[in-house]
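These entries record what I looked up, in the order in which I looked. I began with the ligand site and then turned to the chain interface and the strands.

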Amino acid sequence: MAVKEENKEKGIISAINGPVIKGKNMTTFKMREMVTVGEQRLIGEVIVLEGDVGTIQVYEETEGLKTGEEITPTGRPLSLKLGPGMLKNMFDGIQRPLEKIQEISPIFIPEGIGLLSIDDKKLWPAVMTVKPGDVLLAGSIFGTVQETEVIQNRLLVPPTVSGTVIDVVPDGSYTIEDVLVTIRDAKNETHELKMAHEWPVRTPRPNAYRRETLVPLITGQRVIDIFFPIAKGGTAAIPGGFGTGKTMTQHQLAKWSDADIIVYIGCGERGNEMTEVIEDFPKLIDPRSGKSIMERTVLIANTSNMPVAAREASIYTGVTIAEYYRDMGYAVAMMADSTSRWAEALREISGRLEEMPAEEGYPAYLPSRIAEFYERAGSIETLGGDDGSITIIGAVSPAGGDFSEPVTENTKRFVNVFLALDKSLAYARHYPAINWLESYSGYIKILSDWYEDNVAEDCISLRNKMLELMYEENKLQEMVMLVGEDVLPDDQRWVLEIAKIIKVGYLQQNAYNKDDTYVPLEKQYAMLKAIEYLYERGREGLKLGIPTSRLKNVDIFSQFIKMKYTIPNDDLSGIDKLKDEIDQYFEVLFKKYEN
Amino acid sequence: MKKEYLQIDKVVGPLIQISDVDDVFYGEVVDIVEISTGKIKKGKVIKIEEKNVIIQVFQNTAGLAAGNSIIKFTGEAFNLPMSLDLQGRIFNGIGEPIDNGSDIFSLVEANINGRPINPMSREYPRNFIQTGISSIDTLATLIRGQKLPIFSGNGLPHNELAAQIVRQARLGDNADEEFGVVFAAIGVKHDDEKFFRKSFDEANVMDRVVMFVNYADDPIAERITTPRCALTAAEYLAFEKHMHILVVMTDITSYCEALREISSAREEVPSRKGYPGYMYSDLASLYERAGMLKDQVGSITFLPILTMPNDDITHPIPDLTGYITEGQIVLGRDLFQRSIYPPVAILPSLSRLMKDGVGEGFTRGDHAEVANQLFASYSKVQEVRDLSQIIGEEDLSQTDKKYMAFGRAFEAKFLNQGFDEGRNIIESLDLGWKLLALLPLTELDRLSPENIDKYFPKEA
Ligand SMILES: Nc1ncnc2c1ncn2[C@@H]1O[C@H](COP(=O)(O)OP(=O)(O)O)[C@@H](O)[C@H]1O
Ligand SMILES: [Mg+2]
């Protein structure tokens, strides 16, 4: 589909500097207007207007452009076509389907392919839920389309129009471009409603109001769900040097989170990682729907070798798609890997604009851009009166692995969960390498009711107790590094032993093991509770003067380390048996010491 | 006929500026002809501002001045002719033959910048390449189609290691699958280039090698094109001629320094340590050219070598590289100083692709567990060594003493191996088990009972 070109005056290219070009004769252009550039009709966006000179960031490779070539306005801002056909698909940073690009060019992505979007030929079976005379508010639902096996696309009235239905098509198969409903608004103007509507990526879609987030996003990952939970509608950052596990963690969340919809943005990262998703996701079964997890997933890929301006846009493309599904009343989780590449794209464009740099060359508006982005997360009531939410989880790639750099620091200010990945844990192959001392979740308080009602009365207090034990272990380790372990008193050595179980048996979670990759909350809780039980029984022994070396039964300890593998996710009776074994062992042992 | 220009306004390092230019395109190649000698230098348009054009010159700009050279715009992008005849030939950093052979003639030309591979068209690499080196095969497994750099330091034996890999690695599955090597030398010493040439000879692959060489005393702007020429050749051989290509490239550090020099000549705002903010994307435009394509034979396996300034892995060059490549093989100076070859520091080393390329059907069922256990145990060795520094080895606990012994044996027997020694993966894994048996079973918490039953060495 060619871009609709307005019959307006055209600009003339006057300067070219990588992805940033300048044009003259641009007085009639608008800020943030989408344009096409040059004979190849590269897609770009106006980012500065000064008098008749405009500056444009171009979303495609600019090699081959000449000064004097034309810049053509499109009369509208950079927008997405929102409709059925996004799930199960992968798009580039400006929502062009990579599958369609592949049909045009089988291996490499060429320039000048124009503005493609979701399939406008495909027929979708639509069920209409309104009749003539009904009043349709902005953002309400007028019909449904089964978009994939598990997701029903609720056809939305665009947030900008409302009115009384004057005409509706019968149920049947239609394309996204067919007019399904005609409404007449208060000014007596008619509007045609189709399956798809356009929305500018940089404008957040409106909602009725924001509400508090009271439900966790269950991820099946112990260190997250129990220790540092993320609320549905909340925000989280995963910072870490290269190789510490950002992408693996993001993939795990995309695979197993109990969100309705996943929007995964590969922003400036590896091509193979997106290929991996495309190859693996269709084979993985969502424990809740029993269908492939791909059925609920939208992928956005601007890999590190794709044009950098489109990287800047990819984040907005992703979040706009997330808002679209949120507005249908879904809980959406969005992963952006990595937000640092987006920030670097901002820096590169800013540099080419010769703007005054702030820290490390980043533009002064970096913090506000980060804030605006994370603010698009939230739990809301939709315009149509449903509950919807967007959870945003952003990976951060700090230069040199140093968290004091601008992107990490500023992200930290605007997110509520911080999952700090640690190089030394990764070196020791402790995965996920989430450092329990540096990480935090700001949602513990507001989620504690939920955990108490849905998991166990003492879930949060158990969590706090075990986390404190880990803090204590850290202090003790510092001492051990000075004097050796043998010198410590027995109660402290017991803490070290239990902490080791928590680290190896609990916090470490093997993404490649078919059972351990996703663990239901009941088992997560039961495992930790069992560890606490061992800890407390041991403390009774300590009071009797029993040394740690005797308390530590090799067989029981090794069962604890392996229980993640040996106790099936759906049958926790093994944990009770383990407790029985502890009791048996300790009773015999205690007897010896009691007299 | 394109216009020619005599006037050069300004020469800054490798850049020249000319004015009053019409009708040129961004990225256009120019010939700069020295009037007195007729010698041609090549350049490329890197910025156009109204009628002013900045050209990056790939050869030395010394001597260039207004009036002594003619600047001719060629109307072409930077293309190279592509043919199977590239093999066995040696070129400079802009793709001109330097081996006294004839020019390459071909109707097929390719732009050296390449284009991004559509992720839908890629095939996720999963095939194990045995290098015969225990540390790499077991712990940082090389996968066909992977980009796996060697992070080294000045004076460390990275060249030897790369040469050993070229000699010992088998790239193709079947005898009928062709393989080849593309070698790019960026800012290297003549000695280093000779070393590689000799080792290709010894490995009997010289007629399958395409070499692009930019010596340390060659112009720095040519360092920008050297890797691009090499990768363009690799893409042609792998994706059009369906060969398995191993690209060896050294030294990425010289490449990045050239990038920095040009950036500073352009007066761009620097980010860390003076390197340009776009260095990540620029390096990605090289590294991401490795890979495999769906439904077709052929692959580019990419082994870039870089020397870490001051052995600092957080320096922008290794840092940005590690963020793009699929892992890294890190060489350690302390191992080298203790005469361990190859001095692979396993803890910071990583192969991100090994997860899908090892195990039953690829290497052996216990591979992942053995690797995990070796990592975990050797990382514990580091802690115990730190402690023994303080309290003395004598006062370590019994278990810790065993860790000390394990650490020494691991380095001497597992890491250390001959430059000409190849061990197959089964030998390497068995060796791993033998060494792990030095530790108490209770410490081996990454091994499953089944694998312990099957592989744990039975006491004699
Ligand atoms: N949860 C995990 N389970 C098993 N292995 C992991 C896990 N997290 C990370 N890894 C290992 O670490 C490597 C690097 O992880 P990755 O997510 O790609 O790092 P990053 O994105 O931070 O650079 C992976 O290839 C994998 O081998
Ligand atoms: Mg990653």
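Predicted model: local features only at pLDDT ≥ 70, side-chain atom pairs only at ≥ 80, totals over all residues.

**Entry 1: the ligand site**

I listed the 15 residues around ligand 1 and noted that A:G243, A:K246, A:T247, A:M248 and B:R352 come nearest. A residue counts here if one of its heavy atoms lies within 4 Å of the molecule. Because residues from chains A and B surround ligand 1, I recorded the site as shared between chains.

Residues are numbered from 1 along each chain as its sequence is written, chains are lettered from A and ligands numbered from 1 in the order in which they are written, and side-chain values use heavy atoms, with hydrogens and water left out.

I then looked up backbone atoms against the oxygen atoms of ligand 1. For A:G245, a backbone N or O atom lies 2.9 Å from such an oxygen. A polar backbone atom of A:K246 is 2.7 Å from an oxygen atom of the ligand, and for A:M248 the corresponding distance is 2.6 Å.

**Entry 2: the interface of chains A and B**

I counted contacts (heavy atoms within 4.5 Å) and found 80 residues of chain B touching 81 residues of chain A. The buried area between the two chains is about 6500 Å², with carbon and sulfur atoms giving 53%. I take buried area as the accessible area (1.4 Å probe) that two parts lose on being put together, summed over both. In chain B, the residues that lose the most area to chain A are B:Y26, B:M120 and B:Y323, together 12% of what that side buries.

How many salt bridges does the rule find across the interface of chain B and chain A? It finds seven, a salt bridge being a side-chain nitrogen of Lys or Arg within 4 Å of a carboxyl oxygen of Asp or Glu. I noted the one between A:E111 and B:R115, whose closest N and O atoms are 3.0 Å apart.

The elements of chain B that give two or more residues to the side touching chain A are β5 (40-49), α4 (222-240), α6 (279-287), α7 (316-324), α9 (354-357) and α10 (367-391). Helices (H or I, at least four residues) and strands (E, at least two) are DSSP runs, numbered from the N terminus. The largest share, nine residues, comes from α10(B).

I also saw strand pairing between the chains: β1 (residues 11-17) of chain A and β5(B) pair in the antiparallel sense over two bridges. Two strands pair if DSSP finds at least two bridges between them. A:A15 has B:E49 as its bridge partner in β5(B).

**Entry 3: strands within chain A**

I traced an open sheet of four strands in the order β10-β13-β15-β16 of chain A, with antiparallel pairing. Its edge strands are β10 (135-136) and β16 (190-194), each pairing on one side only. Strand β15 (residues 179-184) joins β16(A) over five antiparallel bridges, and A:T182 has A:E192 as its partner in β16(A).

Next I followed β3 (residues 33-37) and β4 (residues 42-50) of chain A, antiparallel over four bridges. A:V35 stands opposite A:G44 in β4(A). Their hairpin has four residues between the strands, and A:G38 takes a positive phi near 75 degrees there.

β4(A) also pairs with β5 (residues 53-58) of chain A, antiparallel over six bridges. In that hairpin, with two residues between the strands, A:G51 takes a positive phi near 60 degrees.

Technical notes: Polar contact = N/O pair within 3.5 Å; in protein donor to acceptor, adjacent residues only side chain to side chain.
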